[in-house]
Amino acid sequence: ADRAFLLHQGALIWQYFADWLRPEDHWLPPDNVQEQPNLGPARRTSPTNIGMALLSCLAAADLELCARSQAAELIGHMLDTLEALPKWYGHLYNWYDTASAQPLEPRYVSTVDSGNLCGCLIALREGLYEWGQDGLARRAEALSDAMGFARLYDRERRLFYIGYDVQRECCTQGWYDLMASEARQTSYIAVARGEVSPRHWRRLSRMLVGDGDYRGMASWTGTMFEYFMPNLLLPVEPNSLMYESLAFCLYEQKRRGARTKTPWGISESCFYAFNPGLSYQYKAHGVQRLGLKRGLDSELVVAPYASFLALLLAPGSAGRNLRRLRDMGLEGRYGLYEAVDYTPARLTGQEEYEAVRSYMSHHLGMSLIAIDNVLRDSVMQKRFMKD
């Protein structure tokens, strides 16, 4: 019943990529486009943004939102740029200026961003082989093969560092140590390719949190992103601990919505506060019952992309929640806005909430990939797992 609604949302999201993947930005997606105050595109991008944009081209053709030939042409332009970008041992830096296609200083390599891009390139390669675009597929494969993860791994702790600081020539002294984390995909790829020991997978903490009779793995900030983002490519087996943790995350997210009488779906996102340049500020918002970090329930910001991420696990309730957000007037030119902020301290006058009127490439990309998965029998997961 939600098929037409989801295809409509997908078409709006695809328009963002169709408009902003353009030659003056070397075919790289802007980090975000802010509508109010109207700042236009933020001309910088990250490996995650790029990976999501590549798979969005694939998803748009899957859903017949654009012709395969158009999608393949855009992918080809993006691969041209990716091959030419300055890199660190095959890894992209964390931020590039899209106008100059040069890394932004200070140069940094983010472990989770590299894992996101690598996973996207693996799924992209399989999709291109399906289309008979073997030359493009081999180019995607060469880029993902060049990304070795051993340099970002702490052999003593058997955990991944947060990233590598190129100026200081050392890894950041922080580690991804939770299974319920957006870095799960990075860990999976590195173990599967034999770059790190399978013992690393056992080292990821499966500490449980509970509510009444329900249990799930704890995350750091209790966001939908940490639990569900890897699920775009990495399936969860029904009744496994990971599956139960995703279900528990959803349960707690819905409980928070019910308690506050708002739509559910809290994740890292922009919120209704501005930096000196009048860009929206950004941070991880979460649900305290799920997260180890303190003070998570002191603010309330709902992000529509969180509901798109939940489509594979709970298509009915995710669809209803997305319609509720749309009916609040949150649908703009490129689909649903970034977020809606209910935090009382940030509201002016009598409003119940403020809409955060911007669009972020990686949140829109994740949403479009989720739509493709739910309408086409987990197609992106199947491509990734074909390797």
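Helices (H or I, at least four residues) and strands (E, at least two) are taken here as DSSP runs, numbered from the N terminus. The structure is a predicted model, in which local features need pLDDT of at least 70 and side-chain atom pairs count only at pLDDT 80 or more, while totals for chains, interfaces and linings use all residues. Residues are numbered from 1 along each chain as its sequence is written, and side-chain values use heavy atoms, with hydrogens and water left out.

We may begin with helix H2. Its 16 residues reach 23 Å from first C-alpha to last, close to the 22 Å expected at 1.5 Å a residue, where the expected span is 1.5 Å times one less than the number of residues. Of the 16 residues in H2, 16 are buried, that is, under 20% relative accessible area with a 1.4 Å probe and protein chains only, whereas exposed means over 50% and partly exposed lies in between. Following H2 comes Glu64, with a positive phi near 60°.

The partner of interest is helix H3. The axes of H2 (residues 47-62) and H3 (residues 68-84) come within 8 Å and cross at roughly 165°; axes are lines fitted to C-alpha atoms, for helices over the stretch in contact, with angles from 0 to 180 degrees between N-to-C directions. H2 is therefore roughly antiparallel to H3, a term for angles over 145 degrees. On the H2 side, Ile50, Ala53, Leu54, Cys57, Leu58 and Ala61 meet Arg68, Ala71, Leu74, Ile75, Met78 and Leu82 of H3, contact being heavy atoms within 4.5 Å. Sorted by class, this contact comprises 11 nonpolar residues, no polar ones and 1 charged residue; Ala, Val, Leu, Ile, Met, Phe, Trp, Tyr, Cys and Pro count as nonpolar, Asp, Glu, Lys and Arg as charged, and the others, Gly among them, as polar.

Turning to helix H6 (residues 184-192), its buried residues are Arg184, Gln185, Thr186, Ser187, Ile189 and Ala190. These pack against H4, strand E10 (159-161) and helices H7 (199-203), H8 (224-228), H9 (241-260) and H13 (379-385). Just after H6, Gly194 adopts a positive phi of about 75°.

Helix H4 (residues 111-130) holds Arg125, which is buried at a relative accessible area of 6%. Leaving aside residues up to four places away in sequence, Arg125 touches Ala137, Ala140, Glu141 and Asp387.

Gln350, by contrast, is exposed, at 78% relative accessibility. Gln350 sits in the loop between strand E21 (339-341) and strand E22 (354-356). From Pro47, Gln350 is 303 residues away in sequence and 40 Å away in space, C-alpha to C-alpha.

Technical notes:
Angles under 35 degrees count as roughly parallel, over 145 as roughly antiparallel, 65 to 115 as roughly perpendicular and the rest as oblique.
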